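Student: I would like to learn how to read single features in a protein model. Could we take them one at a time?

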Amino acid sequence: MPTIIGESLPNIPWEDKPSGCQSVVWRYRHNPIIPRDLLPTSNSIFNSAVVPYKGQFAGVFRCDDIRREMQLHSGKSKDGYHWTLSPERIHFQGDDEEVIRWEYGYDPRVCWIEDRYYITWCNGYHGPTIGVGYTYDFEKFFKLENAFLPFNRNGVLFPRKINGHYAMLSRPSDNGHTPFGDIFYSESPDMTFWGRHRFVMGTKGGWQSTKIGAGPTPIETKEGWLLIYHGVLTSCNGFVYSTGAALLDLDKPWRVMYRTAPYIMSPQTIYECVGDVPNVAFPCAALTDSATGRIAFYYGCADTVTGLAFAQVDELLDFVKKNSEV
C-alpha cells in the first residue's frame, strides 16, 4: 500500500538523488527554474504555488512588479519546469466590492478540494490577512470572504475535509516583518466562517527560534499529515528562513506526533543566499506521486526566484521520526 494517500502523478518533475548526497532533500541541478524577470513587469517571482492540472501543471505565482508592488499571477506548464505566466495580475470576481477590492497579495497556496482549486494568500485588507478564493480553470478567479481579521499570514488548507469541516493552518502575525509566530489550526463548515481554533506548534531553538509557518498543502500519508514548514532564526545579518517537517495526527491535526529538530533544507546556494531578501528557502507547494512516493516541492529563494527540490516520502518520514523534538 502506498505511503502517500492520494493520486498517482507519473509526470511529476523529478531528478534522482545525486551520488554521495547525504541530505534527505536535494535541489534540482538547474535551479532556479523561474527567473526573477520571466515577465517584463516582474522584479521577482518567488513564493508560489503549483498543482497538477489536466495532465500538466498550473499555479498561482507571487510576482513583485517593477513598482515593487506585490501581485498574484496565474501560470501554466507542460512539464513543471518551464512556465508561462499571464502578463496581467489575477483579477478576482465577486458580488461584493468590499471583498474584491485589491490592495496587495502575496505568498499564495493552491489546493484541490472536491470540485475546484482553492487559493489562499496573504491579502491586504487594512493589514495582512488570509484571502480565500477559487478557480476551475486558472483563467477566471472568484474571491470569497477573508478567513480572518488582520493580522495573519501563511494560510494553508488541508486537501480534504476533516471531521466534516474544511481545515486550515495559519500564523497570526502583526503588520510588519513579524518577529514572532506560531502555527494554529482552524475549521469552517462553509469556507466562510472560521473557528474552533487550536494551537499546533510554536517556535523552538536554533533555525526555528524566531517564528514558524506552514508551507505546502499538508501531504496525507498512512502515518499522518506530513507538513513541510518554514522556520526562521534572527542572525546578526537579519532573518534566515529554513525548511523543516512535522507529522500531524490525521483526525486531530493540531496534535504534533513528530517534528524535526534539525532543518531538512537551509539557504546555502548562491540563489538562496543572494537576492532581494538574502538567506531564504521558503516552501509553498508540493507535488506528490503515490505510486513512487516521490515529492517535488517548489520554494522561494532569497525572495527573488523560484527553486525546485525533491524528497522520497518514506525517507523523509523516517528522518522526521528519528530526528524528532516535539
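Student: In which strand does D107 lie?

Tutor: This model is predicted. D107 is part of strand β8.

Student: Is D107 buried or exposed?

Tutor: Burial is judged from relative accessible area, with buried meaning under 20%. D107 has a relative accessibility of 11%, so it counts as buried. Setting aside residues up to four places away in sequence, D107 touches N47, R62, T120, W121, C122 and F282.

Student: Where does H82 lie, and is it buried or exposed?

Tutor: H82 sits in the loop between β5 (70–77) and β6 (84–85). Its relative accessibility is 59%, so H82 counts as exposed. Beyond its neighbours within four places in sequence, H82 is in contact with K76 and S77. The C-alpha atoms of H82 and I34 are separated by 7.6 Å, although the two residues are 48 residues apart along the chain.

Student: How should I read a pocket, and what is the volume of the largest pocket?

Tutor: The volume of the largest pocket is about 740 Å³. Its lining has 27 residues, and those nearest the centre are E7, P52, W112, P159 and T288. Two or more lining residues come from each of β3 (49–53), β8 (105–113), β17 (219–221) and β21 (281–289). The most come from β21, which gives five residues. By class, the lining of the largest pocket has 19 nonpolar, four polar and four charged residues.

Student: Which residues lie closest to the centre of the second largest pocket?

Tutor: The second largest pocket holds about 600 Å³ of space. R62, Y106, H177, Y241 and D303 are the closest to its centre, out of 25 lining residues. At least two lining residues come from each of β8, β12 (152–157) and β19 (238–248). The lining of this second pocket divides into ten nonpolar, nine polar and six charged residues.

Student: Where does D303 lie, and what is its phi?

Tutor: A backbone angle is read together with the residue type and its setting. D303 has a positive phi of about 50° and is not a glycine. D303 is in the loop between β22 and β23, and at 17% relative accessible area it is buried. T304 is found in that loop between β22 and β23 too. With 5% relative accessibility, T304 counts as buried. Its contacts, not counting residues up to four places away in sequence, are R36, S44, I45, F46, G275 and D276. N154, in strand β12, is another residue other than glycine with a positive phi, near 55°. N154 is buried as well, at 7% relative accessible area.

Student: What is omega for the peptide bond from N31 to P32?

Tutor: Omega is near -5°, and that bond is cis. P32 lies in the loop between β1 (26–27) and β2 (42–45). P150 and F151 are also joined by a cis peptide bond, with omega about 15°. F151 has its place in the loop between β11 (141–143) and β12.

Student: What is the general idea behind a nonpolar core, and which residues touch the most other members in the largest one?

Tutor: Nonpolar side chains tend to be buried together in soluble globular proteins. The largest nonpolar core has 37 residues, and W83 and F138 touch the most other members. The elements giving two or more residues to this core are β3, β4 (56–65), β9 (116–124), β21, β22 (294–301) and β23 (305–312). The largest share, five residues, is from β4. F138 is in contact with V51, Y53, A58, G59, V60, S74, K76, V110 and Y117, leaving aside neighbours within four places in sequence. Another core lies apart, with 23 residues including I4, I219, L226 and Y299.

Definitions and conventions: Residues numbered from 1 in each chain as written. Predicted model: local features only at pLDDT ≥ 70, side-chain atom pairs only at ≥ 80, totals over all residues. Heavy atoms only, no water. 1 Å grid on protein atoms, 1.4 Å probe; cavity = no way out; pocket = protein on both sides within 12 Å on 5 of 7 lines; lining within 4 Å. Points joined across faces, edges and corners; volume = space filled by probe spheres on them. Helix = DSSP H or I, 4+ residues; strand = E, 2+ residues; numbered from the N terminus. Nonpolar A, V, L, I, M, F, W, Y, C, P; charged D, E, K, R; others polar. Core = buried A, V, L, I, M, F, W, Y, C linked by side-chain atoms within 4.5 Å. Buried < 20%, exposed > 50% of the residue type's maximum accessible area, 1.4 Å probe, protein only. Contact = heavy atoms within 4.5 Å.
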